[in-house]
Amino acid sequence: MAQVTPIFKTGNMNDQNNYRPISVLPGMSKILEKYINFKLVKYLESQNLLYKHQYGFRKSRDSEVSVMDIITEIQENIDCNKKCALASLDLWKAFDTVDHKILL
């Protein structure tokens, strides 16, 4: 069981789509979640099951490391006279586009 509180994001305050639900969970479930996360990540990393370019939600692999890897790869391609292109997507409100009835 969780206590759900709507948190305003941006835009018109009268539009319910501009609010994000935040769940307040009991302390014991947070401890259990952290323990399971620790064990799961440790297992996935020890078995080499995570994609090497997975940067989100990983220790020592933040967005700065991601940008540095991209810049390095672009520089290497340019140095080797290879063609190089970058496509970038803004997924800022990606979760808002999910049909929550289907998700539930």
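User: Where does S60 lie?
Analyst: S60 lies in the loop between α1 and α2. Please note that this is a predicted model.

User: And what is its phi, roughly? I mean S60.
Analyst: The phi of S60 is near 60 degrees, which is a positive value in a residue other than glycine.

User: Is S60 buried or exposed, and why?
Analyst: S60 counts as exposed because its relative accessible area is 66%, and the exposed class begins over 50%.

User: Which residue has a positive phi of about 55 degrees?
Analyst: That is N81, which is likewise not a glycine. N81 sits in the loop between α2 and α3, the latter covering 100–103. With 73% relative accessibility, N81 is classed as exposed.

User: Changing topic: how many helices and strands does the protein have?
Analyst: There are three helices and two strands. Along the sequence they follow the pattern β-β-α-α-α.

User: What about the radius of gyration against the globule rule?
Analyst: The radius of gyration is 20 Å, well over the 13 Å that the globule rule gives for 104 residues, so the protein is more spread out than a compact globule.

User: What box do the C-alpha atoms fill?
Analyst: Taken along the principal axes, the box is roughly 55 × 40 × 25 Å.

User: How much of the protein counts as buried?
Analyst: Of the 104 residues, 5% count as buried.

User: Now electrostatics. How many salt bridges does the structure hold?
Analyst: The structure holds one salt bridge. It joins E45 and R58, whose closest N and O atoms are 3.7 Å apart.

User: Why does E45 count as partly exposed?
Analyst: E45 has 40% relative accessibility.

User: Which residues gather in a patch of negative charge?
Analyst: D69, E73, E76 and D79 gather in such a patch on the surface. D69 has its place in helix α2, which spans residues 63–79. With a relative accessible area of 31%, D69 is partly exposed.

User: And which residues form the nonpolar patch?
Analyst: The nonpolar surface patch is formed by L32, Y35 and I36, which together have about 320 Å² of accessible area. Of these residues, Y35 is found in helix α1.

User: Let us turn to distances. How far apart are A2 and T97?
Analyst: A2 and T97 are 95 residues apart in sequence, and their C-alpha to C-alpha separation in space is 23 Å. A2 lies in the segment before β1, the strand at 3–8. The relative accessible area of A2 is 40%, and this residue is therefore partly exposed.

User: What separates the C-alpha atoms of D99 and K39?
Analyst: The C-alpha atoms of D99 and K39 are separated by 31 Å, and the two residues are 60 residues apart along the chain.

User: Where does D99 lie?
Analyst: D99 lies in the loop between α2 and α3. At 40% relative accessibility, D99 counts as partly exposed.

Notes: Residues are numbered from 1 along each chain as its sequence is written. This is a predicted model: local features need pLDDT of at least 70, side-chain atom pairs count only at pLDDT 80 or more; totals for chains, interfaces and linings use all residues. Side-chain values use heavy atoms; hydrogens and water are left out. Patches are made of residues with over 30% relative accessible area and no salt bridge: like charges are joined within 9 Å, nonpolar side chains (Val, Leu, Ile, Met, Phe, Trp, Tyr) within 5 Å. Accessible areas come from the Shrake-Rupley method with a 1.4 Å probe; for residues, only the protein chains shown count as cover. A salt bridge is a side-chain nitrogen of Lys or Arg within 4 Å of a carboxyl oxygen of Asp or Glu. Lys and Arg count as positive and Asp and Glu as negative; His and the chain ends are not counted. The place of a charge is taken as NZ of Lys, CZ of Arg, CG of Asp or CD of Glu. Helices (H or I, at least four residues) and strands (E, at least two) are DSSP runs, numbered from the N terminus. Buried means under 20% relative accessible area, exposed over 50%, partly exposed in between (1.4 Å probe, protein chains only). The radius of gyration is taken over C-alpha atoms; the globule rule is 2.2 Å times the number of residues to the power 0.38.
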